[in-house]
Amino acid sequence: MAISLEVPAVELNNVTKSYGAVSALKGISFSIAAGEVVAFLGPNGAGKSTSISLMLGLRRPTTGSVALFGENPRIAKHRARVGAMLQESAMPSTLRVHEVVELFGRFHERPMVVRDVLAMAGLDEKRNARLNQLSGGQKRRVCFALALVGNPDILFLDEPTTGLDIEARRRFWDQINLQVIAGKTIILTTHNLEEADSLANRIIVINHGEIIADDTPEQIKRHVGGKHISFRASKLTLAELQRLPAIRDIREIGEKFELYSKEPERFLAALFSQHAAEVSELEVVGAGLEEAFLSLTVEKKKAA
Ligand code: ADP
Ligand code: MG
């Protein structure tokens, strides 16, 4: 077995973080190697931004340890190697785009050429615009440019595309992917499975302050591919339906039944082979991420 002697880019060991009575992280551990592109996927309030702020050394863990390049993230020498795009960031609104990028570049020893940074962030045409004249999506691009300008080894992007329309989101993905090709270590957060899948080669699913899955996008998608199924079957009882395979959370609502299945084909085959005549108004829709998180949480508890 090959043993890597390289220091991990980021390492967390049994980290908890509480804000007063709120327990935002309940003991998480992971190690991210240099060159990895990792997405933290989870719903609002899962603990994604808290995790980012700990990795950046902006906050301290309540218990446990956090290391960036093998050392305390709070030490100043790491600043030059790190670029970050946080969820909320205030910017001096009357400066022009190229001015603010240039200003940020001066905080770094080896800044990139401003023109190149603006091109990478898709801001060529907006270089002379004042920040207060930009759309929400364009402001996110400025934040991205500020994360890039120091030519960092590792990029932290906290919900980089939240609030953008599909087209703007896709363009942003292309720009992030250019950084992936350039070999940067990238840690991003999102509540969008498609985004995590398009950008990352590893997805860490986080919910209620706990890591519930840490795997390749292919494996994660296999687990979250379930369907919501509903149909009318007035002559059937809940007990009869519960004997069918591959169902979870079946409920009777009026004359309709609703359930969630990770193997919808198997369930439907059994339903129709036994009860075809009674079933009407069948609907099958992709389950949302919330159900997926729930099902991953249930699986993890069963495994434990
Ligand atoms: P996410 O980024 O996944 O939406 P956060 O890390 O922002 O989640 O928040 C995790 C939990 O911690 C939430 O319950 C949130 O309300 C709480 N929280 C976050 N920041 C603070 C804070 N500064 N003070 C109190 N509670 C906070
Ligand atoms: Mg957040």
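1. Donors at a metal are taken here as N, O and S atoms within 2.8 Å of the metal (3.2 Å for Na, K and Ca); water is not among the atoms, so sites may look incomplete. The model under discussion is a predicted one. In it, the magnesium ion (ligand 2) has Ser-49, through OG, and Gln-87, through OE1, as its protein donors, at 2.1 to 2.2 Å. Ser-49 belongs to helix H1 (residues 48-55), while Gln-87 is in the loop between strand E5 (82-85) and helix H2 (97-105); the pair therefore ties together parts that lie 38 residues apart in sequence. Ser-49 is partly exposed, at a relative accessible area of 29%, and Gln-87 is likewise partly exposed, at 37%.

2. On the overall architecture, the protein chain comprises 10 helices and 13 strands. Its C-alpha atoms fill a box of roughly 75 × 45 × 45 Å along the principal axes. The chain has 304 residues, of which 45% count as buried.

3. What is the volume of the largest pocket? The value is about 560 Å³. The lining of this pocket consists of 22 residues, and those closest to its centre are Val-82, Gly-83, Ala-84, Phe-104 and Leu-146. Strand E5 provides the largest share of the lining, four residues. Both E5 and H4 supply at least two lining residues each.

4. Five aromatic pairs are found in a search of the whole structure. Among them is the pair of Phe-144 and Phe-172, which is edge-to-face, with 5.0 Å between the centres and 65° between the planes. This pair links distant parts of the chain, since Phe-144 is in helix H4 (residues 136-148) and Phe-172 in helix H5 (residues 166-181), 28 residues apart. Both Phe-144 and Phe-172 are buried. Elsewhere, one aromatic cluster is formed by Phe-231, Phe-257 and Phe-267. A contact of another kind involves Arg-81, whose charged end sits over the ring of Phe-69 at 3.6 Å from the ring centre.

5. Strands E11 (residues 248-253) and E12 (residues 256-261) pair in the antiparallel sense, over four bridges. They form a hairpin with two residues between them, and Gly-254, in the turn, has a positive phi of about 60°. Ile-253 stands opposite Lys-256 of E12. Glu-263 is partly exposed, with a relative accessible area of 38%. Glu-263 and Lys-227 are separated by 36 residues in sequence, yet their C-alpha atoms are 7.9 Å apart in space.

6. Asn-14, in strand E1 (residues 10-19), has a phi near 45°, a positive value in a residue other than glycine. Is Asn-14 buried or exposed? Its relative accessibility is 53%, so Asn-14 counts as exposed, the cut-off being over 50%. Glu-159 also has a positive phi, of about 45°, although it is not a glycine. Glu-159 lies in the loop between strand E6 (154-158) and H5. With a relative accessible area of 3%, Glu-159 is buried.

Technical notes: Residues numbered from 1 in each chain as written. Chains lettered and ligands numbered in written order. Predicted model: local features only at pLDDT ≥ 70, side-chain atom pairs only at ≥ 80, totals over all residues. Heavy atoms only, no water. Buried < 20%, exposed > 50% of the residue type's maximum accessible area, 1.4 Å probe, protein only. Phe/Tyr/Trp six-rings, centres within 6.5 Å; stacked < 30°, edge-to-face > 60°. Lys NZ or Arg CZ within 6 Å of the ring centre and 35° of its normal. Pairing = 2+ DSSP bridges. 1 Å grid on protein atoms, 1.4 Å probe; cavity = no way out; pocket = protein on both sides within 12 Å on 5 of 7 lines; lining within 4 Å. Points joined across faces, edges and corners; volume = space filled by probe spheres on them.
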